[in-house]
Amino acid sequence: MRQHLAILCDNKPGVLTHVAGLISRRAINIECINAGYTEEPDVTRINIVVTVENKAELDQAINQLAKLIDVIKVVNLDEAPYVSYELAMVKVKCPTPTIRCELSNLAELFHAKIVDVQPESLVFRITGREDHVEATLIMLCQYEILEIARTGQISLSRGLIPLKNC
């Protein structure tokens with residue numbers, strides 16, 4: 001089962017390594033992991049999507065994460081409504097004007113943005129839910145994809161209550 005974890009921690013070197021190490025030592029698969037600044041400059045937010053066999057395994061990992069010195073808060077976002085988005089950048093070969101036109105139409109159809117144009121390639125910026133990004137990539141597979149970079153999912157709980165007050 002896939003689960004989305006949000007972790008608030010001190011913005012210090014090595015914290016991400018400790019968090020990822022604890023999860024991997026428990027033999028839990030990390031599908032994606034992101035870390036970035038929050039509204040407080042000394043706090044980092046880590047978003048992790050993990051795959052676990054059962055809820056007890058996840059609960060034990062969450063309890064151990066919460067005990068780490070630099071961890072402020074750990075929340076399983078799947079326990080309440082949340083919003084999740086992803087960013088993907090895709091470089092596609094377009095050797096002819098016809099293919100360039102087809103790719104431009106495809107970008108418009110999927111609300112993607114072409115962020116770089118070269119004589120024989122385009123770079124798409126795709127943002128949205130994971131299923132939207134996947135659907136766009138399936139359509140782009142009809143062309144020659146040269147390179148893909150994906151952020152993985154970042155998530156926020158819905159409503160007025162911030163993670164630090166959960």
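Predicted model: local features only at pLDDT ≥ 70, side-chain atom pairs only at ≥ 80, totals over all residues.
Leu 5 stands opposite Ile 48 in β3, and those two belong to a pairing in which nine bridges join strand β1, residues 2-10, to strand β3, residues 43-51, the two running antiparallel. Strands here are DSSP runs of E with at least two residues, helices are runs of H or I with at least four, both numbered from the N terminus, and two strands pair if DSSP finds at least two bridges between them.

Residues are numbered from 1 along each chain as its sequence is written, and side-chain values use heavy atoms, with hydrogens and water left out.

The open sheet has four strands in the order β2-β3-β1-β4, with antiparallel pairing. Because β2 (29-37) and β4 (71-76) stand at the edges with a single partner strand each, one side of each is left without a neighbour in the sheet.

Turning to charges, the whole structure holds 12 salt bridges, each a side-chain nitrogen of Lys or Arg within 4 Å of a carboxyl oxygen of Asp or Glu. One of them joins Arg 2 and Glu 130 at 2.9 Å, N to O; since Arg 2 lies in strand β1 and Glu 130 in helix α4, this pair ties together parts that are 128 residues apart in sequence. Arg 2 and Glu 130 also belong, with Glu 31, to a network of salt bridges.

Elsewhere, Lys 164 meets Glu 40 at 2.9 Å and Glu 39 at 3.6 Å, N to O.
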